Amino acid sequence: MDWLGPEEWQAVALSLRVSLWATLLSLPPGIFVAYALARWRFPGRQVLNGLVHLPLILPPVVTGYLLLLTFGTQGPVGGPLRDLGIVLAFRWTGAALAAGVMAFPLMVRAIRLSIEAVDPRLEQAAATLGASGPWVFATVTLPLILPGVVVGAILAFAKAMGEFGATITFVSNIPGQTQTLPSAIYAFLQVPGGEASALRLVVVSIAIAMTALLLSEVLATRIARRVRGA
Amino acid sequence: MSLSVALRHRLPAFDLDVAFDAPPGVTALFGRSGSGKTTVVNAVAGLLRPDAGHVAVNGRTLFDSSARRWLPPHRRRIGYVFQEGRLFPHLTVRGNLLYGHRFAGDRRAGAGLDRVVGMLGIAPLLARRPADLSGGEKQRVAIGRALLSAPELLLMDEPLAALDEARKAEILPYLERLRDGTDIPILYVSHAVAEIARLATTIVVLDDGRVLRQGPAAEVLGDPALAPALGVRGAGAILSARVVAHHNDGLTELSVEGGRLFLPRIGSPAGAAIRVRIAAQDVMLSRGRPDAISALNILEGTVREVRAGDGPGAMVVVAIGSQTVLARVTRRSCAALGLAPGIPCHAIMKSVAVAPGDIGTGARDAAG
């Protein structure tokens with residue numbers, strides 16, 4: 001990869017790190033929220049559904065600004081976090097949070113669909129065999145929704161890689177700190193002679209996106225075949 | 001080992017209100033589709049919470065609405081064999097079989113994998129996936145999976161209903177082995193009289209959410225009052241018989257109280273005790289001893305009861321020793337023969353009377 005300059009390489013590495021963490025950390029809440037929306041009937045279910053989907057519909061700048069208001073060092077959540085030594089605003093961790101929030105709806109949608117496809121009668125059967133609720137989930141539901149979880153995670157990863165608006169609003173565009181791949185492309189396009197660098201990063205973006213999509217297809221079919229036992 | 005059930009539950013079509021006790025052995029919950037059978041079984045398993053009532057297995061209370069006690073399904077120790085098997089598609093047959101085993105704790109000593117696999121004949125299937133199994137194989141695995149969870153009670157909700165006749169014939173012997181080889185009480189839901197006649201020790205007849213009748217299998221199936229609920233084809237008596245000999249002309253001789261019965265050779269050895277079902281519509285009655293008649297199976301008895309139906313038919317109960325045979329004849333014949341309680345008569349079982357699948361241990365067609 002010596003055709004990438006150090007600054008470009010830095011942006012790619014940062015983007016991969018941010019997206020990986022964003023995906024990994026949003027998986028557990030993503031599965032939980034998807035399960036709640038698919039299976040439970042509770043007051044406020046539609047509100048939760050709306051909240052989850054909000055980042056998909058809102059202008060990303062708005063989401064980024066809301067994150068800044070909430071998680072900024074003066075914000076209601078950011079303040080206490082800062083006292084604990086965790087600062088999100090203008091750090092790569094904040095970029096991961098922004099990417100995670102933006103990717104969350106896609107992940108939840110994919111997982112929720114796969115949960116709705118699981119026959120609840122299989123879960124009942126597991127219960128009559130002595131499995132408590134968490135066991136049923138771990139040994140029956142989770143294995144059966146694994147293809148959906150993988151697809152959801154890879155979609156979320158791809159979305160996180162491309163996240164721009166909320167990230168630049170929340171954590172700005174600091175090279176080596178918060179300058180992700182899209183921010184770097186944007187920055188290179190703003191300076192004279194930066195087009196070559198921008199183009200190289202565009203190629204990298206396309207490569208990563210295509211790889212993610214292909215990988216998700218291959219993995220999902222392979223897991224689905226194993227799960228259905230065909 | 002026993003089960004006691006008393007339930008009240010409001011269903012869209014009717015109110016369920018049942019109470020019955022299931023002694024050891026196979027208790028058949030019998031009734032038409034939509035009579036509430038599955039609701040009762042689901043309530044026993046804990047998959048449905050009834051409005052009110054009480055369920056206890058071996059004195060252990062699983063549900064008691066007055067004491068606000070309700071055990072969740074996973075703590076009930078009840079094995080459930082579903083109509084559609086419900087095997088886990090992501091696990092192998094072995095994984096399915098052992099699924100409940102790990103939750104069984106100390107109780108699992110009594111239900112070893114090898115023994116259950118041997119009893120159900122599923123050893124060659126262990127490495128396969130449910131998707132590669134036939135319907136009959138799936139049900140055998142489902143039965144094994146339930147057994148290996150070391151249950152105190154086994155529920156079977158029409159486990160054969162989704163199978164064709166050949167697959168049913170394949171599984172029934174395993175169910176008989178299960179009944180005779182373990183001391184786990186079984187609550188068996190079915191609307192097929194042939195299955196019930198073959199398996200049940202006790203029968204509970206459900207109709208529109210009520211218990212119409214409960215009692216020992218032979219008594220309930222031989223009750224003329226239940227003929228409408230059992231259906232014209234369903235009504236019939238069960239006789240206990242013993243295999244006397246296998247003859248050279250291909251017939252097996254059975255002794256029953258009051259006489260001998262002949263049917264095409266069956267698998268059971270001489271001396272074996274079996275059950276024979278005789279459908280009411282296959283029995284003719286004669287006042288005098290029939291002479292020069294092709295039917296081999298004639299038993300002498302006394303009319304105990306004549307019950308006229310709504311139509312032209314009547315159900316006649318003939319006592320033969322301590323057992324009874326049901327005969328469905330026309331009211332006109334009853335009048336012509338002067339059939340009334342106390343009148344001696346002969347019951348002639350037509351050649352088809354002893355049907356395959358109705359014989360205790362599996363046999364072939366009957367011929368005259």
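Predicted model: local features only at pLDDT ≥ 70, side-chain atom pairs only at ≥ 80, totals over all residues.

Tutor: On the side of domain 1 that touches domain 2, the elements giving two or more residues are helix 5 (165-181), helix 6 (193-199) and helix 7 (217-221) of chain B. Helix 6 of chain B provides the largest share of that side, with six residues. By residue class, the side of domain 1 of chain B that touches domain 2 of chain B consists of 12 nonpolar residues, one polar residue and four charged residues.

To the contact, domain 1 of chain B contributes 17 residues and domain 2 of chain B contributes 14 residues. Together the two domains of chain B bury about 1,100 Å² between them, with carbon and sulfur atoms giving 58% of that area. Of the area that domain 1 of chain B buries against domain 2 of chain B, 43% is supplied by B:Ala197, B:Arg198 and B:Pro224, which is more than any other three residues supply.

The contact between the chains can be described in the same terms. Here 22 residues of chain B are in contact with 22 residues of chain A, and the area buried between chain B and chain A is about 2,000 Å², of which 65% lies on carbon and sulfur atoms. The count between these chains is one salt bridge, and in a salt bridge the side chain of B:Glu84 meets that of A:Arg121, at 3.2 Å from N to O. Six residue pairs, both members at pLDDT 80 or more, are in polar contact between chain B and chain A. On the side of chain B that touches chain A, strand 7 (78-81) and helix 4 (135-148) of chain B each supply at least two residues, and the residues of that side divide into 12 nonpolar, four polar and six charged.

For chain A, an unreviewed UniProt entry annotates residues 20-38, 50-72, 84-108, 129-157 and 198-220 as "transmembrane region". Among them, residues 50-72 of chain A are 87% helix and 0% strand, with end C-alpha atoms 24 Å apart, while residues 129-157 of chain A are 86% helix and 0% strand, with end C-alpha atoms 37 Å apart.

Key. Residues numbered from 1 in each chain as written. Chains lettered and ligands numbered in written order. Heavy atoms only, no water. Contact = heavy atoms within 4.5 Å. Buried area = accessible area lost by both parts, 1.4 Å probe. Helix = DSSP H or I, 4+ residues; strand = E, 2+ residues; numbered from the N terminus. Nonpolar A, V, L, I, M, F, W, Y, C, P; charged D, E, K, R; others polar. UniProt positions renumbered as here; feature names shortened; annotations may be inferred. Salt bridge = Lys/Arg side-chain N within 4 Å of Asp/Glu carboxyl O. Polar contact = N/O pair within 3.5 Å; in protein donor to acceptor, adjacent residues only side chain to side chain.
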